[in-house]
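The following exercises concern the overall form of a protein chain and the setting of a single residue. Please work through each task before reading its solution.

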Amino acid sequence: HPRVICDGFDIAKVEAAKFLDNFKVKNGDIDRETLDCVSKTALRTKLHEELADHIGNVCVDAVLCINDKEAEVPIDLFMVEIMHMQHKSDLSSRLVKGLVLDHGGRHPDMPKALKNCHVMVLNVDLEYTKS
């Protein structure tokens, strides 16, 4: 009967929740090997094995880069930005530790390359806007 099947699912849900509570790992106990296993398990169902391993390593490096083990605050994944850029192949994706400026010239007369220059990074809009 369908009601008996639903009761069985409810019992299974409670038992699965108990198992997960006993099986879970605390944040301080997570190391690179554990993160590698989790990322590869998740990605190998979506990508071919070589790409899944490569992207998994990139993701683990990104998480470890922003993880502060001394501070007991959750990892802020907004500190990692995914940029879609043209590559030769999918395996050329990589993690850049730092700031990526992907901004072209603003005027056709601007030089294409400069040497010994200074770059100013602002978080404000310098373009004139009517208010």
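**Exercise 1: Overall form**

Task: Compare the radius of gyration of the protein chain with that of a compact globule of 131 residues.

Solution: A compact globule of 131 residues would have a radius of gyration near 14 Å, but the protein chain has 23 Å. The radius is taken over C-alpha atoms, and the globule rule is 2.2 Å times the number of residues to the power 0.38. The C-alpha trace spans about 75 × 45 × 40 Å along its principal axes. Buried residues (under 20% relative accessible area, with a 1.4 Å probe and protein chains only) make up 8% of the 131 residues.

The model is predicted; local features need pLDDT of at least 70, side-chain atom pairs count only at pLDDT 80 or more, and totals for chains, interfaces and linings use all residues. Residues are numbered from 1 along each chain as its sequence is written, and side-chain values use heavy atoms, with hydrogens and water left out.

**Exercise 2: Secondary structure**

Task: State how many helices and strands the protein chain has.

Solution: Helices (H or I, at least four residues) and strands (E, at least two) are DSSP runs, numbered from the N terminus. The protein chain has three helices and zero strands, and its pattern along the sequence is α-α-α.

**Exercise 3: One residue**

Task: Determine whether Ser 39 is buried or exposed, and which residues it touches.

Solution: Ser 39 lies in helix α2, residues 32–43. Its relative accessible area is 12%, so Ser 39 is buried. Leaving aside residues up to four places away in sequence, Ser 39 touches Gly 56 and Val 60, where contact means heavy atoms within 4.5 Å.

Conventions
Buried < 20%, exposed > 50% of the residue type's maximum accessible area, 1.4 Å probe, protein only.
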